[in-house]
Amino acid sequence: MARSPSPVFPTPRLVTTTQELETLLAPLHGESFVTVDTEFMRERTYWPELCLVQIGGAQDVILIDALAEGLDLAPLAALMANAAVLKVFHAARQDLEIFLHIFGALPTPVFDTQVAAMVAGFGDQVGYDSLVGSLAGYVIDKSHRFTDWSARPLSEAQLAYAAGDVTWLRVVYERLIAKLEQEKRLSWVAAEMAELEAPETFLPDPERQWERLRARTGNRRMLAVLRAVAALREREAQRINVPRQRLIKDESLLEIAATTPANLGALGRVRGVSRGLAEGAVGQALLDAVKQAQALPESELPKLPKGRNKDAPRPPASLVALLKVLLAACCEEHDVAPKLVASQDDLEAFALDPDQPGPLTGGWRGRVFGQTARALCVGEVALCIRDGKVGTVPCQGTAEAG
């Protein structure tokens, strides 16, 4: 798409004091929506280190230096909590995680243009620059994407880049809303936003971190040890604010679960466990966790997730493959991203029991895919190719399919 003339955007204003912040944010409480973005660093910490917050209003672009000495972000927290002002993000999850961590609450209400773009047919997890290009015909300069946002002072180029993330977002939001209203899909987007307003979406459960490690074993006792040491690592990484892998690597946790060290010497021989860690408080806590897990009764031992449990019932691979083809065809017909409609796990669960209540049996997903998928699973329709496109035809003795 050819580049369109740039709208006239307000001059960005860098805020470094609490008084400035309170004064500049006050008018935004009267607006229907603001655009929001953050810049942060996370390489050396568990929790993101907030460096800059960008807020875009109808008449203002405010860049908040979150690292400015003495700056109180309470006025920002108040705006994020104002239920009368919609907060518009693109790919909101990390931004929302930051606000939940520093304010103890999520912004509300929120709108994620990446999710909305998936509903509107722009593909899976479309990037901000691609969306600006598609909807506004403007090429975003992403040269500062990997800049060090913790270094001070921020350059004019950095500030201009940061401002662009909320100025063009207003254009994207307004054009997406117009498209979704025309296609009567705003209710589809609203259903997806509910997940972004639930704190549990952004709070990792330490007791489930072991599932990330994908242990290649069905030994439930070993899995219990892995669950215990992975949960301990997660809590400790959160407490001292270091990346979990920097504290103890995944490979070391898997070896601890396999070898179940009973003393400091054995723990110190685990690959990747330093002597200092083994002989310190974390080392002793790891040994205690191993011992407690080994003492658990059989009824409290974990089970492999369904997708990795060899003994769990599995649907025929051919049926899942057919459902994937149907999913692609339905999403192509309705111009919506397949990833938003159904995951691999969703398809496998559906193939096992298409009548079991789940994400594909109701709402807009049911209308787009689930109803036709059920008809395929129970033999009411078959896949066909018509005019070069995949579709369905009724099987003999059934009502005509769409």
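Is Cys331 buried or exposed, and what is its relative accessibility? At 3% relative accessibility, Cys331 counts as buried, where buried means under 20% relative accessible area, exposed means over 50%, and partly exposed lies in between (1.4 Å probe, protein chains only). The views below come from a predicted model, in which local features need pLDDT of at least 70 and side-chain atom pairs count only at pLDDT 80 or more, while totals for chains, interfaces and linings use all residues. Residues are numbered from 1 along each chain as its sequence is written, and side-chain values use heavy atoms, with hydrogens and water left out.

**View 1. The whole chain, with its helices and strands.** The chain has 17 helices and eight strands, which are DSSP runs numbered from the N terminus (helices: H or I, at least four residues; strands: E, at least two). Its C-alpha atoms fill a box of roughly 70 × 65 × 35 Å, taken along the principal axes, and of the 402 residues 46% count as buried.

**View 2. Cysteines without a disulfide.** A search of the whole structure finds zero disulfides, a disulfide being a pair of cysteine sulfur atoms within 2.5 Å. For Cys331, the nearest cysteine sulfur is that of Cys330, 6.8 Å away. For Cys395, the nearest cysteine sulfur belongs to Cys384 and is 10 Å away; Cys395 counts as partly exposed, at 23% relative accessibility.

**View 3. Helix H1 and what covers it.** In helix H1, which spans residues 18-25, the residues Leu21, Leu24 and Leu25 are buried. Seen down the axis of H1, the buried residues fall within an arc of 90°, so they line one face of the helix; this arc is that of the directions from the helix axis to the C-beta atoms. An α-helix has 3.6 residues a turn, so residues three or four places apart point the same way. The cover over the buried residues of H1 includes strand S1 (12-15), strand S4 (61-65) and helix H2 (74-81).

**View 4. Thr167 within helix H6.** Thr167 has its place in helix H6, residues 156-182, and is buried, with a relative accessible area of 7%. Leaving aside residues up to four places away in sequence, Thr167 touches Phe9 and Val61, where contact means heavy atoms within 4.5 Å.

View 5. In the model, the end C-alpha atoms of residues 219-300 lie 13 Å apart, and the span is 72% helix and 0% strand.
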